[in-house]
Structure formats: structure tokens, C-alpha cells
Amino acid sequence: CSLDQFEGLLFEILYQKLGPHLGVYYGALTMPTKYRQINLGAVALTLPSFKIWIYTNGDFKVSVGWPLGSESIGLQVYIFTGGCGFYFGKLRSGDNPTSATMALKAIGSAAVKDVVAYNPIVTFGLAMWFGVGRSISAGPFSASLSLTAQGTFQGILAWRDAAGSPVSRTPDYYWFAATVGIVGHFQAEVDLAVAITVGSVGRDIG
């Protein structure tokens, strides 16, 4: 929405059929920019965006403020700023219609027996950032300086599709990834605008 009071509002509800007996509902919500900022004296809080996927077989995925950026949870206290975002999901191989298993089944390949199907698949991610910043303004000169450290951690835990409770045993597949970075930002501006007043000169003729 681009109206003044609701600028930045995003609300979506979608449904996609993935197969003969499988579908997924998707919902997303981002509050208007005006209402995402909550000022509590010296503390300023920014509300995140929300996304959710619900599969008709009971699987799901939830995302809050992910990926790290303008849609993440934000917090500012004086010169200190920070924020985070995360996601979590419980899935299975059959939820992805473009997976190798589904593709091989579609063409009737005998090699499908060699493709491992996982159920459940637990996927998660967490991202955080913390920084300090300061801005000054004096006459025509203004400047801002900030230094931010940010990091992400993601993982996947998967168990082979089998009867019983596979989560109680060691995962058959796992994957982890982490990133760390430091970002510095400096910006300065000098306003050299000059105001010129144009007048008129005349005389009376009598």
C-alpha cells in the first residue's frame, strides 16, 4: 500500500498446489512504516515482518525479520543500535516438488531407489547485528558515522524417512553455515546553497 497512513503495508495470503495430495498456504505481513517505529523515550523499537508457510501435510516454516535488513527487528538506545531476525521450519523431502526424488519419480527412473528421502527436516536460522552510530549537524555541515558487527547462523538437521520417532536418534544428514562481518559507514554533507533575492527598480514619470 502506498497511501499516506498505510505506506509500506504488505499483507498477502496465497495458496499453491504442489501435488495431487499436497498444497501450501503462505502468509506475509509487514506493518506500515509509520506504525513499525515505536518510541519509548530513549528507546526506539522497530517491528519486524512476518512470514509463514503451512503445508497441508502438517509441515510448516515461520520467518520473523529474515533476512537481516530493513524488515528485521530493530532496537536503538541512545547511540547503540541492534537487531535480529530468525526462521524455523519442520519439513520433509516431499515438500519440494523440484527435488531430485520427485523429478526422478516423474520420469519413472529406476535410479529413484538410490535417492534418499528425509522426514523430518528441521531447518533454522538466526541473524543478529549490533553497532554504534552518531550524527552531527552544525549550520550547513552534517555528518553521520556508524560501525556495525553482524553475524548469521543457519542449520539443517535431517533424518531418513522411516517409521517410529527418528528425531530421538542422531541425524542422518546435517549442515551448518555461519557468517561474520563488520561494516563501517561514514557520510558527510555540506549545503552550499546561496539565496539570491531579485528586486526591481523603477521611477515615476509625472
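A158 counts as buried because its relative accessibility is 2%, where buried means under 20% relative accessible area with a 1.4 Å probe and protein chains only. The model is predicted, so that local features need pLDDT of at least 70 and side-chain atom pairs count only at pLDDT 80 or more, whereas totals for chains, interfaces and linings use all residues. Residues are numbered from 1 along each chain as its sequence is written, and side-chain values use heavy atoms, with hydrogens and water left out.

A158 lies in strand β10, residues 141–160, strands being DSSP runs (E, at least two residues) numbered from the N terminus. Leaving aside neighbours within four places in sequence, A158 is in contact (heavy atoms within 4.5 Å) with Y118, P120, I121, P171, D172 and Y173. Of these, P171 is 13 residues from A158 in sequence and 5.6 Å away, C-alpha to C-alpha.

A158 also belongs to the largest nonpolar core, which has eight residues, among them Y118 and I121; such a core is a set of buried Ala, Val, Leu, Ile, Met, Phe, Trp, Tyr and Cys residues joined through side-chain atoms within 4.5 Å. Strands β2 (22–30) and β9 each supply at least two residues of this core.

| Class | Lining residues |
|---|---|
| Nonpolar (Ala, Val, Leu, Ile, Met, Phe, Trp, Tyr, Cys, Pro) | four residues |
| Polar (the others, Gly among them) | eight residues |

Methods
Helices (H or I, at least four residues) and strands (E, at least two) are DSSP runs, numbered from the N terminus. Buried means under 20% relative accessible area, exposed over 50%, partly exposed in between (1.4 Å probe, protein chains only).
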